[in-house]
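Try each task before you read its solution.

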Amino acid sequence: PWCFIGKRRLESALEQAKSRFPHLSFDVRWRPFQLNPDFPPGKGLDKMAYYYSKFGEDNVKRMIPRMKATALEHGINMNYGGTVGNTLDSHRLIWLAREVGGSDLQDKVVESLFKAYFEDNKSIEERDVLLECADESGLGDKCREMFSNDAMGRGAVMREKEDYGRAFQCSGVPMFVVDGKFVLNGAQEDTAFLRVFGKLS
């Protein structure tokens, strides 16, 4: 959930930066990271059952109302149904979006995936759901072509995940790297991004 909230906070900072740092230009790139790389492909585990087993039922029941309230402050109607699974195919779709349409299309696909997963309780490890997100973003035909070739994008995603994770010691998400040198871990407030942007000017 913090990835979606972090996205909204970054977007707020970027909007403010237009007037505060008009000489700066920004290109947002989404990098792959897998929370559950050892899960099998296809539909995953029940999300709540997984959270209960990982964090404890009482902790989860205390956490969810706070998370929902925080998400709502950012216009996100956070839900906790659906499943948790292997997201390699979703990262292939995100990779494909940038290859085809650059940062704008990649961000559009990420937004569609986040809404599907966090708001609509859909399983973004399932290809039918990924195709829905691709269709919404105008990438449907290219996505179908990719899914007909299981090797397409797989190597690029895995190399990027390993190289970027190693370079910045990424062990969790969200993590934001600004200008290749300033690392912000977690869903930082927009003010944290703005402080970093100020260092670039």
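**Exercise 1. The overall fold**

How many helices and strands make up the secondary structure of the protein? Then find their order along the chain, and check the overall dimensions.

Solution. Keep in mind that this is a predicted model.
- Step 1: count the elements, which gives 8 helices and 4 strands.
- Step 2: read along the sequence to get the pattern α-β-α-α-β-α-α-α-α-β-β-α.
- Step 3: look at the extent of the C-alpha atoms, which fill a box of roughly 45 × 45 × 30 Å along the principal axes.
- Step 4: compare the radius of gyration with expectation. A compact globule of 201 residues would have a value near 17 Å, and the protein has 17 Å, so the two agree.
- Step 5: consider the contacts with a separation of 6 or more; residues 24 or more positions apart account for 70% of them.

**Exercise 2. The nonpolar cores**

Solution. 
- Step 1: begin with burial, as 46% of the 201 residues count as buried.
- Step 2: pick out the largest nonpolar core, which has 40 residues; Y51, L93, L113, L139 and C143 have the most contacts inside it.
- Step 3: The largest share, 14 residues, belongs to α4.
- Step 4: zoom in on Y51. Leaving aside residues up to four places away in sequence, Y51 touches G56, V60, Y80, V84 and Y117.
- Step 5: look for a further core. There is a second, separate one of 13 residues, with L10, L184, L194 and F197 among them.

**Exercise 3. Where α2 meets α3**

Describe how α2 and α3 cross, and which residues meet there.

Solution. 
- Step 1: recall that a pair of packed helices is described by the angle and the distance between the axes.
- Step 2: apply this here. The axes of α2 and α3 come within 7 Å and cross at roughly 115°.
- Step 3: list the residues. From α2 come M48, Y51, Y52 and F55, and they meet E57, N59, V60, K61 and I64 of α3.

**Exercise 4. Salt bridges**

A search of the whole structure finds 19 salt bridges.

Solution. 
- Step 1: take R29 and E160, whose side chains meet at 3.7 Å, N to O. R29 lies in the loop between α1 and β1 (45-46) and E160 in helix α7 (residues 154-167), 131 residues apart. R29 has a relative accessible area of 39%, so R29 is partly exposed; E160 has 14%, so E160 is buried.
- Step 2: turn to D89 and R127, with the closest N and O atoms 2.8 Å apart. This pair links helix α4 to helix α5, across 38 residues. D89 is buried because its relative accessibility is 11%, while R127, at 27%, is partly exposed.
- Step 3: finish with D135 and R144, where the closest N and O atoms are 3.0 Å apart. D135 is partly exposed at 40%, and R144 is partly exposed at 39%.
- Step 4: look for shared partners. Salt bridges of this kind join K7, R8, E11, D107, E111 and K115 into one network.

Terms used: Residues numbered from 1 in each chain as written. Predicted model: local features only at pLDDT ≥ 70, side-chain atom pairs only at ≥ 80, totals over all residues. Heavy atoms only, no water. Core = buried A, V, L, I, M, F, W, Y, C linked by side-chain atoms within 4.5 Å. Buried < 20%, exposed > 50% of the residue type's maximum accessible area, 1.4 Å probe, protein only. Helix = DSSP H or I, 4+ residues; strand = E, 2+ residues; numbered from the N terminus. Contact = heavy atoms within 4.5 Å. Axes fitted to C-alpha atoms, helices over the stretch in contact; angles between N-to-C directions. Salt bridge = Lys/Arg side-chain N within 4 Å of Asp/Glu carboxyl O. Rg over C-alpha atoms; globule rule 2.2 N^0.38 Å.
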